[in-house]
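Good morning, and thank you for coming.

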Amino acid sequence: MADTSEELELLSSLVPDDGWLTVPDIVEELDSDVPKVRRMLDERQLIGVRRGNPKVLQVPALLVRPEPLVSLPGTLTVLFDAGFSDAEALRWLFTPDEVLGCSPAEALRANRIAPVRRRAQVLGY
């Protein structure tokens, strides 16, 4: 499913323009190579959306810095099982959550995996 411009606009309001990394940026951040980063994206270890002008694949920096979130793939599986698109999953990850006291992405970065997954699991019902 293609991400709509409305979804991308909402996402842009949650992640500032300087909070995104392109594939070459991620390669540099992780001292890696393009095929490995592409594989991380294909295997849903990272998630991104096409944005900007021209549209290029970009990933929120919080998911990569200081290292990729090891808890992200499992959380993404729960969101995709609930029918979320990539942009919708990112929007959910970066929207402040009253119960968590921060965004789910920030909670994952703080190693609060179980509360985030519990919040994500209720989305499918």
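This is a predicted model: local features need pLDDT of at least 70, side-chain atom pairs count only at pLDDT 80 or more; totals for chains, interfaces and linings use all residues.

Residues are numbered from 1 along each chain as its sequence is written, and side-chain values use heavy atoms, with hydrogens and water left out.

Let us start with the sheet. Helices (H or I, at least four residues) and strands (E, at least two) are DSSP runs, numbered from the N terminus. Three strands form an open sheet in the order β1-β3-β2, with antiparallel pairing; two strands pair if DSSP finds at least two bridges between them. Strands β1 (20-22) and β2 (49-51) stand at the edges, each with a single partner strand, so one side of each has no neighbour in the sheet. On average, neighbouring strands of this sheet are turned by 55 degrees against each other, direction ignored. Strand β3 (residues 56-60) is joined to β1 by three bridges, and Val59 in β3 is the bridge partner of Leu21.

Leu57 also lies in strand β3. Is Leu57 buried or exposed? Leu57 counts as buried, because its relative accessibility is 18%, and buried means under 20% relative accessible area (exposed is over 50%, partly exposed in between; 1.4 Å probe, protein chains only). Beyond its neighbours within four places in sequence, Leu57 is in contact (heavy atoms within 4.5 Å) with residues including Leu21, Val23, Leu41 and Val49.

I turn now to the helices. Helix α4 (residues 72-81) and helix α7 (residues 113-121) pack at an angle of about 10 degrees, with their axes 9 Å apart. Axes are lines fitted to C-alpha atoms, for helices over the stretch in contact, and angles run from 0 to 180 degrees between N-to-C directions. Helices α4 and α7 are therefore roughly parallel to each other, a term for angles under 35 degrees. Their contact is made by Gly74, Thr75, Val78 and Leu79 of α4 and by Val116, Arg117, Ala120 and Gln121 of α7.

How values were computed
Angles under 35 degrees count as roughly parallel, over 145 as roughly antiparallel, 65 to 115 as roughly perpendicular and the rest as oblique.
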